[in-house]
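Here is a short report on one protein model. Look over the sequence and the 3D view, then read on.

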Amino acid sequence: MGDILIAIAIGVAIIWVTRKILVMLAMPPPEVDPDQIIEVERHYRCSICGTELIVTAVSITETDAPKHCREEMTLTWQAGS
Ligand SMILES: [Zn+2]
């Protein structure tokens, strides 16, 4: 009989934690600060599958190339600079 109570308690705890995680995931991300965005034109290509991507704005806080197929994409062309 004690075992069943422990099992129920564990089950309730799992449901409670799962719901907490789902609520956290459902929270919207913070607002983007327009001062941190610069307009660019960069063309990237995925060296794995060949997908090409044109980036028209980047955050000054994010300097890494975008990733595709779990690899950083290769910069093939960029305007100015
Ligand atoms: Zn890819």
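## Elements

Helices and strands are DSSP runs, numbered from the N terminus: helices are H or I with at least four residues, strands are E with at least two. From the N terminus on, this protein runs α-β-β-β-β-β. That makes one helix and five strands.

The model is predicted: local features need pLDDT of at least 70, side-chain atom pairs count only at pLDDT 80 or more, and totals for chains, interfaces and linings use all residues. Residues are numbered from 1 along each chain as its sequence is written.

## Overall form

The C-alpha trace spans about 75 × 35 × 15 Å along its principal axes. Of the 81 residues, 2% count as buried. Buried means 20 or more other C-beta atoms within 10 Å of the residue's own; exposed means 12 or fewer; partly exposed lies in between; C-beta atoms are placed from the backbone.

Now take contacts: two residues are in contact if their C-beta atoms, placed from the backbone, lie within 7 Å. Among contacts with a separation of 6 or more, 36% join residues 24 or more positions apart.

## A look at S59

Where is S59? S59 sits in strand β2, which covers residues 52-59. Is S59 buried or exposed? S59 has 11 other C-beta atoms within 10 Å, so it is exposed.

Leaving aside neighbours within four places in sequence, S59 is in contact with Q36 and I37. S59 and A79 are 20 residues apart in sequence. In space they are 16 Å apart, C-alpha to C-alpha.
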